[in-house]
Amino acid sequence: MHNELILAGFGGQGVLLIGKLLAYAGMKAGLEVTWMPAYGPEMRGGTCNCTVVLSDRQVGSPVSNRPHGAIVLNLQSIDKFEPLVRPGGILVVNTSLINREATRKDLIVVPVAANQIANDAGSAKAANMVALGAFIGASGIVDAELVKSVLAETFAGRPKIVELNYVCLSKGVDIGRTFAPALAGR
Amino acid sequence: MAKKLMKGCEAIGEAAIQCGCRLFFGYPITPQNEIPEYLSGRLPQVGGTFVQAESEVAASHMLYGAAGAGCRCFTSSSSPGISLMMEGMSYLAGAELPVVIVNIMRAGPGLGGILPSQSDYFQATKGGGHGDYRVLVLAPSTVQEAADLTMEAFDLADKYRNPVMVLGDGLIGQMMEPVEFKRRIEPEELPEKSWATTGAYRRAPNIVNSLYLRAEDLEQHNLDLGAKYRAMDSEVRHDLYRTDDDLDVLIVAYGTVARIARTSIDALREKGLKVGLFRPVTLYPYPSEALASVAVRAKHVLVAELSMGQMVEDVRAVIAGRVPVDFYGRVGGMVMTAEELAEQAEKLAGVPA
């Protein structure tokens, strides 16, 4: 098992946070993990991304130019990262902010109206959790329960935030799961 | 302590605290700002002091004062800031003061850029400041190793009364990986430093100084330092990956590039090519004998760095023409991919030795 994933969006959408949650959950699952933020000049343009590697062996490069999957929360991110994902990989697309469809036919595309779903659940700020949930639901890369336990640790003492994030994560997982059969036997 | 997911920079900061360091002097610069950021919060919690100096030059001389008074202390910076600290480094080496200096390298020369680079190898291993001096240089390849080597750096600094540099790059500093702190020492458990200037109460005064105006005295001082640097040779260490058989290509790389090389090597091995890795962990002293003993079993040596070719000069000196040595580098903050490096090694493997 070796997965290189890119999570991308605007600064403030929480892509670094969901990357950390995923890496932490992977660590709890006994995997080797790395989390690497893009910290170069592209950040100054307001976009933001990180690479998470989950593997059953020691991780070599923590950056990837051919990820196995990606979560894209805004238009610039789908433009930049859709072409890089390996054939057969998962691409979670935030349709609330991305007004075009994915063009690749060799990917498992998971469209999810992350902002809308999060807004309905209480706050659009948790759109990142919906998207993360969708990726986990489709890929089964880590147990969603592990992510929930990491969330509880990360936001200890802030039960309202934990609750909202749980709900959003779960809604994402449910959507993602409907795409999981497409991955069976891969 | 259970494993935590930490940035390399944060792990370095925590490692310093875990081994009894309570003083930090520094000045902000990307990509190592998480070290001062972390310590500015953590040091006051453990009774330590965090000082943001007015400049890197000032920070390096604050180290001189604190180390002279016998305290464990350290600083961190990135390439242009380290250049500014080179005056202090020379004085610290001259006065034989134990300090730890962390360089999270970015691309140069000049202000350069903020992305990862390994282009300060010459500065770190060959001097950097003026005068005949050496500092131990340790190069971590993972976040865990960044923590372990930082702790070790403090012990080595005390052992040799010498500055020790931990040389990472933006990737090691910014990346998060699981890390575990394996030991904890309180400042009061550290051995006493009988040479330190702690107030000469009921004893003869100690002097910490690097000024020797009489040539005879300074020559003797240089000879003593030279003997100390030779003794430091016993601290060499290195790491090997898949080098058990005779090799088509031996890749030599440190830090970030070494971990990328492991991925390249796994891919090449699947293709049936015999490729392995020699990774120096100490860059000074350089693990010359160990490298020579592996390199002679290889048809080609490929040195890979995020520089225009710096460590390759040491490798060529070690191998002395016995095996052809090639170089591959990316610069300016570009980081080579595992595929790219594998391609270079594969090309070489096809060349008759």
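These legends go with a set of close-up views of a predicted model.

Residues are numbered from 1 along each chain as its sequence is written, while chains are lettered from A and ligands numbered from 1 in the order in which they are written. Because the model is predicted, local features need pLDDT of at least 70 and side-chain atom pairs count only at pLDDT 80 or more, but totals for chains, interfaces and linings use all residues.

**View 1. Chain A as a whole.**
Chain A is built from 6 helices and 6 strands (these are DSSP runs numbered from the N terminus: H or I and at least four residues for helices, E and at least two for strands). Start at the N terminus and you'll pass β-α-β-β-β-α-β-β-α-α-α-α. The C-alpha trace spans about 40 × 40 × 40 Å along its principal axes. A compact globule of 186 residues would have a radius of gyration near 16 Å, and chain A, at 15 Å, agrees with that (the radius is taken over C-alpha atoms, and the globule rule is 2.2 Å times the number of residues to the power 0.38). Buried residues make up 51% of chain A; "buried" takes 20 or more other C-beta atoms within 10 Å of a residue's own, "exposed" 12 or fewer, and "partly exposed" is in between, with C-beta atoms placed from the backbone.

**View 2. Where chain A touches chain B.**
Here 17 residues of chain A are in contact with 20 residues of chain B (contact: C-beta atoms, placed from the backbone, within 7 Å). On the chain A side, helix H1 (15-28) and strand S2 (32-37) are the elements that give two or more residues. S2(A) brings the largest share, 5 residues. Sort that side by class and you get 10 nonpolar, 6 polar and 1 charged residues (Ala, Val, Leu, Ile, Met, Phe, Trp, Tyr, Cys and Pro are nonpolar, Asp, Glu, Lys and Arg charged, and the others, Gly among them, polar).

**View 3. Two helices of chain B crossing.**
Helix H10 (residues 255-270) and helix H13 (residues 338-349) of chain B pack with their axes 8 Å apart, at an angle of about 55°. That makes H10(B) oblique to H13(B). Among the residues that meet are B:Ile260, B:Ala261 and B:Leu268 from H10(B), with B:Leu341, B:Ala345 and B:Glu346 from H13(B). The residues of this contact divide into 8 nonpolar, 2 polar and 1 charged.

**View 4. Two cis peptide bonds in chain B.**
Most peptide bonds are trans. A cis one joins B:Gly108 and B:Pro109, with omega about 0°; look for B:Pro109 in the loop between strand S5 (100-105) and helix H6 (121-126) of chain B. Another cis bond runs from B:Tyr284 to B:Pro285, with omega near 0°. B:Pro285 sits in the loop between strand S12 (282-284) and helix H11 (288-295) of chain B.

**View 5. Positive phi without glycine.**
B:Arg242 isn't a glycine, yet has a positive phi of about 55°. Its loop lies between strand S9 (238-241) and strand S10 (247-252) of chain B. B:Arg242 counts as partly exposed because it has 16 C-beta neighbours inside 10 Å. B:Ala320, not a glycine either, has a positive phi of about 50°, and you'll find B:Ala320 in the loop between helix H12 (311-319) and strand S14 (325-329) of chain B. With 9 C-beta neighbours inside 10 Å, B:Ala320 counts as exposed.

Technical notes:
Axes fitted to C-alpha atoms, helices over the stretch in contact; angles between N-to-C directions. Parallel < 35°, antiparallel > 145°, perpendicular 65-115°, else oblique. Contact = placed C-beta atoms within 7 Å.
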